[in-house]
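Visitor: I have a structure on my screen and would like a guided walk through it. Could you take my questions one at a time?

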Amino acid sequence: MHLSPETIAAHGLADSIVPPHPPRHPGRIGVWRQILLVWTNVLAVFQEKDFATRRIRQGFLGQTLHVCNHPDGVRETLHRQHATFEKKSPPMRHSLAPLLGDGLFVSDGTTWAERRAIVAPIVHGRNIHTFAPVMREVAGEWCAHWRAAGDGATVDLLFEMGELTAEIICRTVFGSRLGRENTHEIIAGFAQYQRAVQLFDPLTLLGLPDWMPRPRSRRTRRARDRVHRVIDGIIARFEAGGTDAHAVIGQLFAARDTAGRPLSRRAIRNEAIVIFMAGHETTANTLAWAIYLVSQSSRVRGKLLAELDCVLGGRLPDLADVPRLVYTRMVLEETLRLYPPVPLLGRTASAAGTVMGRDVAPGDVLIIAPWLMHRNRDLWSMPDHFVPERFDEAVAPRPNKYANIPFASGPRVCPGMTFAMTEATICLAALLQSFEVRLAEGAEVEVDCRLTLRPSAPLPMTVHERRAA
Ligand code: HEM
């Protein structure tokens, strides 16, 4: 999306910041280094030239990888041939199946279609009228919590945003308060799980069966057990009638498959974890990045606060305010462009296909890479800069809808998109209206990617009560 020099000058965008990204290697990386990077921070494998290459075909540990960095690749893989390019690849199974079993996020074919029909309506935008007041309530509680911490208190912003979004998903979908102890336990469990597994486990790519122990297998199991314990507790509370009887999670119990059978207990747990995992961590990462980015740009912060003061005037935002918080939304859209929480969408070819004019053989791995495409040199001006104004149609034309896909695209598009954008808008507006959040002195922020893309933890930021302007 083009920003001409005149547009940049007219809108004062020349001072836009370039936030951190993993180092980009100028030349070819040897195979051992690639393995190490895939293991520690997968986004660091990409070289500068990859951001200008539409399609990369590469052999890696005996597999053929096709990396798509172009809207045509998105249309062809996620739409036209979505049934051929499946999710259930060995790396996906290895990284997520221990936690999610056959849950929607990792299933394909009939199981996926059945579960999608059950889970998507639970988190769908049409329930947003019931969800938004809860989002507002929790955002208000967070303001009170920061106020109580005292002016200038240091918080680990990533952890705080994890707690905030976990509480929201628990109250909206599961109909109960998560409580401090469970919140800590489940967030720590997910974080531990992420540290223990890789998105593309090199040993799995080499063909090592899942039952063979990996260096971190025991830690993976322990992390999974922590998450399972909390989710089992939530389900048990619901079954015992200790939660809101109308909670949308009840739809999992009421659901019937095509043969008219209820979901098994294990399937209910798997889907509950999918909703919890997909629904809290991605939004937590987005909020943490957005608050950090705003703290780094005085221009963006000034424009955002002007909007918040004008639209809200000190009130907590509610659903009716969301469409009026236009610049707030642009800040979030730009955050998701720069730091898509799911930066690589992996698929495996179950049959032969063609992508962008090249043959794809059965078993080949396809990687649709929002990480590259959102910064593609031919699709975006100032691709590494933080420029929320690029999402203002008065400044620049809307980007191609297949070029900006933080929520994916096609039949498997994120069903929680409206939930996430409403939640992020309400929380960002409520918090930044009341507080100036600054990066703690001496702290450095890096990009960390294992399962999701997040700021490196901890993310120490200081929270200062905003005085009335
Ligand atoms: C900023 C926040 C979010 C982002 C960026 C995001 C992104 C994504 C992406 C990219 C996928 C597709 C992954 C793939 O095809 O490989 C996905 C799937 C999914 N998301 Fe989200 N998501 C967010 C928030 C949420 C929320 C709040 C919920 C629920 C409340 C949710 C529920 C799901 C579910 C259930 C799936 C699986 C869909 C399927 O496989 O059919 N997400 N999300």
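Predicted model: local features only at pLDDT ≥ 70, side-chain atom pairs only at ≥ 80, totals over all residues.

The questions below go through the ligand shell, a helix, the sheets and a few loop residues.

Visitor: Which helix gives the most to the shell around the ligand?
Guide: The shell counts 24 residues, and the closest include Ala278, Gly279 and Thr282 as well as Cys414 and Gly416. Helices H5 (109–123), H12 (265–296) and H16 (417–434) each supply at least two residues of this shell. With seven residues, the one that gives the most is H12.

Visitor: How many residues of that shell are nonpolar?
Guide: Let's sort the shell by residue class. Two of its residues are charged and five are polar. The nonpolar ones number 17.

Visitor: How far apart are the end C-alpha atoms of helix H6?
Guide: Helix H6 covers residues 128–149, which is 22 residues. At 1.5 Å a residue, H6 should span 32 Å. The value in the model agrees with that, because the end C-alpha atoms are apart by 31 Å.

Visitor: Which elements cover the buried residues of H6?
Guide: The buried residues of H6 are Phe131, Ala132, Met135, Arg136, Val138, Ala139, Trp142 and Trp146. An α-helix has 3.6 residues a turn, so residues three or four places apart point the same way. The cover over the buried residues of H6 includes H7 (157–174), H16, and the strands S9 (435–439) and S12 (460–465).

Visitor: Which residue in S12 is the bridge partner of Val155?
Guide: S4 and S12 run antiparallel and are joined by four bridges. The bridge partner of Val155 in S12 is Met461.

Visitor: Which residue in the turn between S1 and S2 has a positive phi?
Guide: S1 (residues 55–60) and S2 (residues 63–68) pair in the antiparallel sense over six bridges, and Gly59 stands opposite Thr64 in S2. The two strands form a hairpin with two residues between them. The turn residue with a positive phi, about 50°, is Leu61.

Visitor: Which helix packs on the five-stranded sheet?
Guide: This open sheet has the order S1-S2-S8-S5-S3 and mixed pairing, with S1 and S3 (85–86) as its edge strands. The helix touches S1, S2, S3, S5 (345–349) and S8, and makes about 125° with the direction of S8. That helix is H3, residues 71–80.

Visitor: Which residue in S8 stands opposite His66?
Guide: S2 pairs with S8 (residues 365–368) in the parallel sense, over four bridges. Opposite His66 stands Leu366.

Visitor: Why does Asp102 count as partly exposed, and which residues does it contact beyond its sequence neighbours?
Guide: Asp102 sits in the loop between H4 (90–100) and H5. Leaving aside neighbours within four places in sequence, the contacts of Asp102 are Ser107, Thr111 and Asn270.

Visitor: Is Met356 buried, exposed or partly exposed?
Guide: Met356 lies in the loop between S6 (353–355) and S7 (358–360). Its phi is positive, near 50°, in a residue other than glycine. With 17 other C-beta atoms within 10 Å, Met356 is partly exposed.

Terms used:
Residues numbered from 1 in each chain as written. Near = placed C-beta within 6 Å. Nonpolar A, V, L, I, M, F, W, Y, C, P; charged D, E, K, R; others polar. Expected span 1.5 Å × (residues − 1). Buried ≥ 20, exposed ≤ 12 C-beta atoms within 10 Å, placed from the backbone. Contact = placed C-beta atoms within 7 Å. Pairing = 2+ DSSP bridges. Axes fitted to C-alpha atoms, helices over the stretch in contact; angles between N-to-C directions.
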